[in-house]
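Please look over the fold below.

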Amino acid sequence: MSDSSQRFAVSVHPDELHFNAGHFITFDGTCENLHGHNFHVRIEAEGDNNRDAFVIDFVQLTRIAAEICGQLHDKVLLPGTSSEVHLQQDGQQLHIASHGRKFSLPLENCEILPVDNTTAEMLAWYIMERLIPRLRSNSDLSHVDRLEVAVEEADRQWGICRRRLGIDT
């Protein structure tokens, strides 16, 4: 099939694309309580079919994404670039302060992410940022022109990051 008006997509949302993690977000000059979720991840790749009649290998996409999710599993996710959240390492402890709230956690239980806030949208962005270079080094993305990563924080509440892929992406 070579009809240029047709688009193809794959979507993966298997059980292994999940992670359980703690987090809090800041908004309107406040800081939420530290709490946790059972996050689920869905990934969609859109583009033209390759010579083998698929957009991208489901198995490889799932494997790489599951490895990224595994790095977030059982961690407290913290925003490393926030002006509202202050992180200070003291030996093996991490002290966190934001809008009058203070937490102290073992450093090994924390994952400091390069985001301003640990919203579902920014977690989707973070996964996307890790996913694209790993996919590029392990598969041919020349047929994929759009990638979407969605993170479900609560039942049917998704934060989504979409990216058009091009030569420089």
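How many bridges pair S8 and strand S9? Six bridges link S8 to S9 (residues 101–106), and the two strands pair in the antiparallel sense. The model is a predicted one.

## Overall layout

The chain has two helices and twelve strands. From the N terminus, the elements run β-β-β-β-β-α-β-β-β-β-β-α-β-β. The C-alpha atoms fill a box of roughly 60 × 30 × 30 Å along the principal axes.

The chain holds 169 residues, of which 40% count as buried. Contacts between residues at least 6 apart in sequence were also sorted by separation. Of these, 64% join residues at least 24 apart.

## The S7-S8-S9 sheet

Three strands make up an open sheet, ordered S7-S8-S9, with antiparallel pairing. S7 and S9 are the edge strands, each pairing on one side only. From one strand to the next, the twist averages 20°. Strands of a sheet pair through backbone hydrogen bonds, in either a parallel or an antiparallel way.

S7 (residues 86–90) runs antiparallel to S8, and five bridges join the two. Within this pairing, Asp90 stands opposite Gln93 in S8. Gln88 has His95 of S8 as its bridge partner.

Which residues of S8 lie on its covered face? They are Leu94, Ile96 and Ser98. The uncovered face carries Gln93, His95 and Ala97. In a regular strand, side chains alternate between the two faces of the sheet.

## Strand S5 and its partners

S5 (residues 35–47) pairs with several strands, including S1, S2 and S11. S1 (residues 8–12) pairs with S5 in the antiparallel sense over five bridges. Ala9 stands opposite Glu46 of S5. S2 (residues 18–23) is also antiparallel to S5, over six bridges. Here His23 stands opposite His35.

The pairing with S11 (residues 144–154) is antiparallel as well, and eight bridges join S5 to S11. Glu44 has Glu148 of S11 as its bridge partner.

## Helix packing

Two packed helices are described by the angle and the distance between their axes. H1 spans residues 58–72 and H2 spans residues 120–138. Their axes come within 10 Å and cross at roughly 140°. H1 and H2 are therefore oblique to each other. The crossing is right-handed.

Which residues of H1 meet H2? They are Gln60, Leu61, Arg63, Ile64, Ala65, Glu67, Ile68 and Leu72. From H2 come Tyr126, Ile127, Arg130, Leu131, Arg134, Leu135 and Asn138. By class, this contact has nine nonpolar, two polar and four charged residues.

## Positive phi in the loops

Most residues other than glycine have a negative phi. Two loop residues are noted here for a positive value. Ala53 has a positive phi of about 70°, although it is not a glycine. Ala53 is found in the loop between S5 and H1. Is Ala53 buried or exposed? Ala53 is exposed, because its relative accessible area is 54% and the cut-off for exposed is over 50%.

Arg156 is not a glycine either, and has a positive phi of about 65°. Arg156 lies in the loop between S11 and S12 (157–164). With 68% relative accessibility, Arg156 counts as exposed.

Methods
Residues are numbered from 1 along each chain as its sequence is written. This is a predicted model: local features need pLDDT of at least 70, side-chain atom pairs count only at pLDDT 80 or more; totals for chains, interfaces and linings use all residues. Side-chain values use heavy atoms; hydrogens and water are left out. Buried means under 20% relative accessible area, exposed over 50%, partly exposed in between (1.4 Å probe, protein chains only). Helices (H or I, at least four residues) and strands (E, at least two) are DSSP runs, numbered from the N terminus. Two strands pair if DSSP finds at least two bridges between them. Axes are lines fitted to C-alpha atoms, for helices over the stretch in contact, and angles run from 0 to 180 degrees between N-to-C directions. Angles under 35 degrees count as roughly parallel, over 145 as roughly antiparallel, 65 to 115 as roughly perpendicular and the rest as oblique. A crossing is left-handed if the near helix is turned anticlockwise from the far one by less than a right angle, and right-handed if clockwise. Contact means heavy atoms within 4.5 Å. Ala, Val, Leu, Ile, Met, Phe, Trp, Tyr, Cys and Pro count as nonpolar, Asp, Glu, Lys and Arg as charged, and the others, Gly among them, as polar.
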